[in-house]
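The structure is shown first, and my entries follow.

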Amino acid sequence: MSDLISQIAVNQIATKNELLEIIVNEQYDNELFAAADKVRQSIYGKEVYMRGLIEFTNYCKNDCFYCGIRHSNKNAERYRLTPKQIEQCAENGYGLGFRTFVLQGGEDPFYTDDVLCEIVKKLKAKYPDCAVTLSLGERSYDSFKALKDAGADRYLLRHETANKFHYEKLHPANMSFDNRIRCLYDLKSLVFQVGAGFMVGSPFQTTENLVDDLLFLKELDPHMVGIGPFIPHKDTPFANYIPFENNNEPADIANVDGNTNRSLRLTLVMVALTRLFLPNALIPATTALGTINETGRELGIRAGANVVMPNLSPLDTRNKYLLYDGKICTGDEAAECVQCMKRRMKSIGYNLVEKRGDYICG
Ligand code: SAH
């Protein structure tokens, strides 16, 4: 193995220049992925945890420039699930072997602390052997505390980018980088298992930004890290943005296919580096990764990821929670998704397991 990769695997940290070197040079890829896989296997073996994703509302008060359910998208057909419907999704999921439910949505003021706490309490009472993960965007410390007290175990809040200037290019002026980061530290102080993360290839992102993301993750030390490729959504200001378009690539690479390949490769590289930096992290092979490449999730697992997040949302709302174009699995029953995922994991020598899949402390 190259000195550089083995040194990072041992020390779990690298300098900015070392990271840049790895990110821009494809010749490190194979040994990087193998090193990440080895680290993951030393902690989590060949088990892949599954999380049942319940996309319970696509109403959102925010206007993130990249996101298909942004407030200004008048073409988005809005829906919200009732507490009863959310429970039914969980019931279906429990029967399929899920032991973690992830409630994700836009920032929808309809779901007050009281409403959410009731939902969390019900789920935890009915399924004491399951983890409840929330992914509801930014809230106050008091709100996070109420949700924690109600029994929520984990909270996902991608930081999106660790660079404030970059953050401001992806979000309108009324959204604040500092508040997002404040939320992550509040969640940690409340002893949630916390998930951060970012998109790869988002508009205006530089290679240095990706390095900053890794160094930020090292500092935050979250339990979970979601990393997925940016994929344009047709009704957003970034509809026509092609990732890496302005990257001075040779002409034969700088076409749409070439850019998809770049997104794929770079996402895998970031997953692998994250695994080396945070050996114990729970890292999903994201649906976005599976969207840009037929076997993207399998490649993600082989590059150090150890979680997948099949969808438990009702079929009639599934095709309305569209953060980006081309999202996969919008027409499949949850049961089909689980079977498909089992097969996919098996095909690469991993096992999809019916466990809570908590963070293993280092
Ligand atoms: N409202 C919640 C959930 C957001 S959706 C929150 O603010 O955390 C979950 C994630 O989808 C986002 O954090 C973002 O990283 C990702 N996402 C949104 N639009 C995307 C796009 N166009 N391409 C890829 N990922 C996207």
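**Salt bridges and a glutamine**

I counted 28 salt bridges, each being a side-chain nitrogen of Lys or Arg within 4 Å of a carboxyl oxygen of Asp or Glu. The model is predicted, so local features need pLDDT of at least 70 and side-chain atom pairs pLDDT 80 or more, while totals for chains, interfaces and linings use all residues. Residues are numbered from 1 along each chain as its sequence is written, and side-chain values use heavy atoms, without hydrogens and water.

I looked up aspartate 108 and arginine 80, whose side chains form a salt bridge at 2.9 Å, N to O. The two are 28 residues apart, aspartate 108 in the loop between β3 and α5 and arginine 80 in the loop between β2 and α4. Helices (H or I, at least four residues) and strands (E, at least two) are DSSP runs, numbered from the N terminus. Aspartate 108 is buried at 6% relative accessibility, whereas arginine 80 is partly exposed at 32%. Buried means under 20% relative accessible area, exposed over 50%, and partly exposed in between (1.4 Å probe, protein chains only).

I next noted a salt-bridge network that links Lys124, Asp153, Arg154, Arg356 and Asp358.

Which residues does glutamine 193 touch? I found Asp153, Arg154 and Asp358 among them, leaving out residues up to four places away in sequence; contact means heavy atoms within 4.5 Å. Glutamine 193 lies in strand β6 and counts as buried at 15% relative accessibility.
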